[in-house]
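Subject: Structure handover

Hello,

Here is the structure I promised to pass on. Please open it alongside these notes, which follow below.

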Amino acid sequence: MTLLHALAEPLSCARCPVRGEAVCAGLDAAGLAELSRLGRHRHFARGETIFAAGDDAVACATLVSGAAKLATTDADGVERIVALVHPAGLLGRLFAHTLDYDAIALGECELCLFPRGDFERLMADYPELARRVLERTLAELDRAHELADLIGRRDARGRVAGLLIAFSRAAGAGCHAADRFDLPLTRGEMAGLLGLSIETVSRQLTAMERDGVIARSGARGIVLHDPRALAGTGG
């Protein structure tokens, strides 16, 4: 059973919550009908591998809900997170035969999966879809640059604050950041991404909570009490 068909369901584009933001927004009714015919809707549990490095690049996907990380593993077995993908983001490697990273669900995820070859052919038939894919790719590249800047130029508090700001923006609607969200990464994953220790990440979160900038709600929930102060720290 293939990735595209294992526990997968037909698409229902009319009810898709990211319909207006995903790359498929560039399709007219006929193109959307064709994409819907080709694709499948699938659920992934936290920690489940969506795509694996070295596998044949047989599919691409739009993330409908949840969050995913793109990661590589070095020769010593250490995982390096290279990007985070949020709803409406595109997963998979177009115009390539194999994948060079793992894509792993950071929580409960819903995806629309498409055969890569068919998706590429649809891009040729619908230039607006190709333009949207290019825009999405450039936006993801910008986010990767922001992550690199976050790691290389700020102190520990600024790095953690910057990451919280990025999570807030990703969890928001449109151009509005969310003031409440669940952390998509564990403390260990945040530490690995930011080049810090788990203890340092925990200390910074505790200090921000003590200062009234944030509050923690349950195991993963974050409430931003003072987004402006947080932005001033992480900017």
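**The main core**

The largest nonpolar core has 29 residues, and Leu163, Leu164, Phe167, Leu185, Met208, Ile214 and Leu230 touch the most other members. A nonpolar core here is a set of buried Ala, Val, Leu, Ile, Met, Phe, Trp, Tyr and Cys residues joined through side-chain atoms within 4.5 Å. Buried means under 20% relative accessible area, exposed means over 50%, and partly exposed lies in between (1.4 Å probe, protein chains only).

Six elements each supply at least two residues of this core: strand E6 (79–85), helix H3 (127–153), helix H4 (156–171), helix H5 (187–194), helix H6 (198–210) and strand E12 (221–224). H4 gives the most, with seven residues. Helices (H or I, at least four residues) and strands (E, at least two) are DSSP runs, numbered from the N terminus.

Leu163 touches Leu147, Leu150, Met190, Leu193 and Leu194, leaving out residues up to four places away in sequence. Contact means heavy atoms within 4.5 Å. There is also a second, separate core of 21 residues, which includes Val23, Cys24, Leu122 and Met123.

**How to read the values**

This is a predicted model: local features need pLDDT of at least 70, side-chain atom pairs count only at pLDDT 80 or more, and totals for chains, interfaces and linings use all residues. Residues are numbered from 1 along each chain as its sequence is written, and side-chain values use heavy atoms, with hydrogens and water left out.

**The chain as a whole**

The chain has seven helices and twelve strands. Its radius of gyration is 18 Å, close to the 18 Å that the globule rule gives for 235 residues, so the chain is as compact as a globular protein of that length. The radius is taken over C-alpha atoms, and the rule is 2.2 Å times the number of residues to the power 0.38. Along its principal axes, the C-alpha trace spans about 55 × 40 × 30 Å.

Buried residues make up 46% of the 235 residues. Take the contacts with a separation of 6 or more: residues 24 or more positions apart account for 70% of them. The chain exposes about 11,800 Å², and carbon and sulfur atoms supply 53% of that area. Accessible areas come from the Shrake-Rupley method with a 1.4 Å probe; for residues, only the protein chains shown count as cover.

There are 27 positive and 31 negative side chains, and the centres of the two sets lie 4 Å apart. Lys and Arg count as positive, Asp and Glu as negative; His and the chain ends are not counted. A charge is placed at NZ of Lys, CZ of Arg, CG of Asp or CD of Glu.

The buried residues of H5 are Glu189, Met190, Ala191, Leu193 and Leu194. Gly195 follows H5 and has a positive phi, near 70°.

Glu140 is in helix H3. Glu140 counts as buried, at 18% relative accessibility. Beyond its neighbours within four places in sequence, Glu140 is in contact with Leu84 and Gly89.

**Two loop residues with positive phi**

Ala88 lies in the loop between E6 and strand E7 (90–91). Its phi is positive, near 85°, though Ala88 is not a glycine. Ala88 is buried, at 2% relative accessibility.

Phe95 is in the loop between E7 and strand E8 (102–105). Phe95 has a positive phi of about 60° and is not a glycine either. Phe95 is exposed, with a relative accessible area of 59%.

Thr49 belongs to strand E3 (residues 49–51). Thr49 is partly exposed, at 41% relative accessibility. Thr49 and Asp102 are 53 residues apart along the chain, yet their C-alpha atoms are separated by 7.1 Å.

Ile104 lies in strand E8. Ile104 is buried, with a relative accessible area of 12%. Not counting residues up to four places away, Ile104 touches Gly47, Glu48, Thr49, Ile50, Ala67, Ala68, Lys69 and Glu79.

Phe114 is in strand E9 (residues 109–115). Phe114 is buried, with a relative accessible area of 5%. Phe114 and Ala59 are 55 residues apart in sequence and 5.5 Å apart in space, C-alpha to C-alpha.

Best wishes
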